[in-house]
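Follow along with the structure on your screen if you like.

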Amino acid sequence: MDEQALLGLNPNADARYRQRAMAYFEQLKESQDAWEVCAEALAKGIYNDDHVKFFCFQVLEHQIKFRHAGLSAVQQQLIRETLMKWLQCQLMNNQPEKPFIRNKAAQVFALTFIMEYLTLWPKFFFDILSLVGLNPHGIDIYLRTLMAIDGEVVDRDILHSPEETRRNTLIKDGMREQCIPHLVESWFQILQTYQQSHPELTCQCLEVVGSYVSWIDLNLIANDRFVNLLLSQLSVEELREEACDCLLEIVNKGMDPVDKTKLVESLCQVLQSAGFFNVEQEEDVDFLAKFSRLVNGMGQSLVLSWTKLAKTGNVKEAADTLQAVEAKVPLLLQLLVHEDDDISANIVGFCYEYLHVLKQVNQSHPALSPQAIMLAVMKKLTYDDEYNFENEGEDEAMFVEYRKQLKMLLDRLAQVSPELLLEAVRRVFTNTMQNWQTAPFMEVEVAIRLLYMLGEALPASHGAHFSGDTAKTSALQDMMRTLVSCSVSSYQHSSVSLEFFETVVRYEKFFLVEPHHIPNVLMAFLDQRGLRHNSPKVRSRVAYLFSRFVKTLHKHMNAFIEDILTRIQDLLELAPPENGFLALLTSDDQLFMFETAGILIVNGESPVERKQALMRSLLLPLMDAFRLLLAKLLQETEEERQAALADSSSLLTGRERPGGRSGEADAEEELLRLHHDHRSQWNERGDGQSG
């Protein structure tokens, strides 16, 4: 081999050597027989350098993947012999190869298997197993090869051509007929032999079993001998998580609904008798997260079996399966309400489908289950002390996603028993609002959040929550009346402030029924509770929500228009970028404020002359600021400052104006004329790209 070129394989080699290595790689790939030196190097263990070993496997991989059909029978035999000799060397080595080399070797073994199993190498697995026996280094390569084969032949996430799909089907059929029972027996021996001395090999083997169980005869795995071994490994700290995943794959295997129910029930009985259902006594949260996924899988499998049996009219089997589902609900609740959100999130799927079953069954079920789930959801919706509202990171994003899952449960609960949900929310909301001054922020926030969520859980056409069903209308009206009159908008926490305004705008049609509450809510929007809140996040969101509130209710605001305009006047001022003044609102937020002001003026009941005066007082300060910005822009030479000034000036014409009435036509025309002059002068300078 070209020793100089091999030096370039080292990541620290200079560019010249790396280029030479790449050229040598291409040469070996394209040559009819030059790759054989790599095969010899691997078979005889000539090189100790890991990068050279990896390189040799890459060359071999290329030959197998792209040129196998063109190789002579002697060359194909050489590849088989090379792999077996390399594997034999591994058995005698004191230390295993680096993981990246073992993975690449497994990939080459797998590719050779795919190319040759059906024709040239039907005894592929027998040859490997007879060579490695129970040697740990050999077993490691064997298990990695099985996972690589799964990736190439079985993995549904990988797209295959029709020809590859046909080939893969033939391979699986051949394996089922010829070698799967022997492979399963080897897995059992590995799991039994190495669970204490080599837990990492045992975990690898559990992963293999989980991957293959979806397409092999389940009876080979789902038997007392194998399942008892897996269950015993649930008690071994290093193995229990992988054993859980393996059991889940067994449970998820497609099968007859009656058989699936029997399988799940037998598994549950053993798990329960072994004490795994005593969730509160388990301190290992990582294991509990896996166990929660397993219970979720068992529960969903039972629901699916019940659905199939109910559709086909198997009354007795369906009833037995439904009873099995019901029996899992106490465990479901323990996991759903667990303080660790990952554990809780992993059981949501089963919970959701169980509620769907309750909706379909329509029989005299005790209200205990939905009510208990409802209380659990309400509890889990609550923020914890560690949530960082000022600097939301990955943990916070995960909780937001988790909340969305809980919302799905709440929506499903509303379908099962809307009256129960409405009453539960009303009780929590009323109790919390009575004591909001002394309650922790998370309790206050979640109480308002529940009221907000009712808007989607109990849908109404076009938001008409306050007409129609008297019980629902009365309850929502009572809660909204309490929300806007109990002064909770003064609570000193940004999450409560945001939830208050979000809820007010969601139920804006409440104010059409009880318009006398509008002044109080307007004040909340306009003072330090809203647009002048100390949190920029709150101010920004409130600017948008205020515009929506005004769009819906402006007809009820005629008496307050001039007062509102006076109070927001300073929020409409343009802050030149260089004056160091930190504006309360961003330029985007200000666009909502201008729109709001325009809506109030245009739709007010004032005479035309008064509207014109109000529009002038709104727009003339903008014109003055625009002239000032234009003058500075034309004098500025620094590109960044030019861009900042241009952005400030574009705010004036950056949003659709609420115009079209004679009252503001003159002022608006003047503003447009100024903007046109600005563009003309700016373009004359040749710098029009920023205008």
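This is a predicted model: local features need pLDDT of at least 70, side-chain atom pairs count only at pLDDT 80 or more; totals for chains, interfaces and linings use all residues.

**Entry 1: the whole chain.** I counted up the elements and got 33 helices and zero strands. The chain has 691 residues, and 50% of them count as buried. I then looked at contacts in the chain with a separation of 6 or more: residues 24 or more positions apart account for 71% of these.

**Entry 2: back to Ser487.** Next I checked the surface of Ser487: its relative accessible area is 40%, so Ser487 is partly exposed.

**Entry 3: Val496.** I moved along to helix α25, residues 494–506, where Val496 sits. Is Val496 buried or exposed? With a relative accessible area of 1%, Val496 is buried. I listed what Val496 touches, leaving out residues up to four places away in sequence: Phe441, Val444, Glu445, Ile448, Val488 and Tyr491.

**Entry 4: helix α7.** I went through residues 124–132 and found that Phe124, Phe125, Ile128, Leu129 and Val132 are buried. Looking down the axis of α7, I saw these buried residues fall within an arc of 115°, so they line one face of the helix. What do they pack against? My list has α5 (73–92), α6 (99–116), α8 (136–153), α9 (162–178) and α10 (180–194). Just after α7 comes Gly133, and its phi is positive, about 55°.

**Entry 5: α4 beside α6.** Helix α4 covers residues 50–67, and I checked how it packs with α6: the angle is about 15°, with the axes 10 Å apart. Since angles under 35 degrees count as roughly parallel, that makes α4 roughly parallel to α6. The crossing of α4 past α6 is left-handed. I wrote down some of the residues that meet there, including Phe54, Phe57, Leu60 and Ile64 in α4 and Ile101, Ala105, Val108 and Leu111 in α6.

**Entry 6: α29 beside α30.** Here I took helix α29 (residues 561–568) and helix α30 (residues 587–603), whose axes come within 10 Å and cross at roughly 160°. That makes α29 roughly antiparallel to α30. On the α29 side the contact is made by Ile561, Ile564, Leu565 and Ile568, and on the α30 side by Met593, Ala597, Leu600 and Ile601. I noted the handedness too: α29 passes α30 in a left-handed crossing.

Entry 7: Asp570 belongs to the loop between α29 and α30. At a relative accessible area of 38%, Asp570 is partly exposed. I took a C-alpha distance here as well: Asp570 and Ala583 are 13 residues apart along the chain and separated by 9.5 Å.

**Entry 8: Arg240.** I found Arg240 in helix α13, residues 240–252. How accessible is Arg240? Its relative accessibility is 10%, and buried means under 20%, so Arg240 counts as buried. What does the side chain of Arg240 reach at 3.0 Å? I traced it to the backbone oxygen of Leu234. Leaving aside neighbours within four places in sequence, Arg240 is in contact with Gln233, Leu234, Phe276, Glu282, Asp284 and Phe287.

**Entry 9: Met374.** My last stop was helix α20, residues 368–380, which holds Met374. Met374 counts as buried, at 1% relative accessibility. Neighbours within four places in sequence aside, I found Met374 in contact with Leu413, Leu420, Leu421 and Ala424. From C-alpha to C-alpha, Met374 and Leu406 are 9.8 Å apart in space and 32 residues apart in sequence.

Notes
Residues are numbered from 1 along each chain as its sequence is written. Side-chain values use heavy atoms; hydrogens and water are left out. Buried means under 20% relative accessible area, exposed over 50%, partly exposed in between (1.4 Å probe, protein chains only). Helices (H or I, at least four residues) and strands (E, at least two) are DSSP runs, numbered from the N terminus. The arc is that of the directions from the helix axis to the C-beta atoms. Contact means heavy atoms within 4.5 Å. A polar contact is a pair of N or O atoms within 3.5 Å; within protein, one must be able to donate a hydrogen and the other to accept it, and residues adjacent in sequence count only if both atoms are side-chain atoms. Axes are lines fitted to C-alpha atoms, for helices over the stretch in contact, and angles run from 0 to 180 degrees between N-to-C directions. Angles under 35 degrees count as roughly parallel, over 145 as roughly antiparallel, 65 to 115 as roughly perpendicular and the rest as oblique. A crossing is left-handed if the near helix is turned anticlockwise from the far one by less than a right angle, and right-handed if clockwise.
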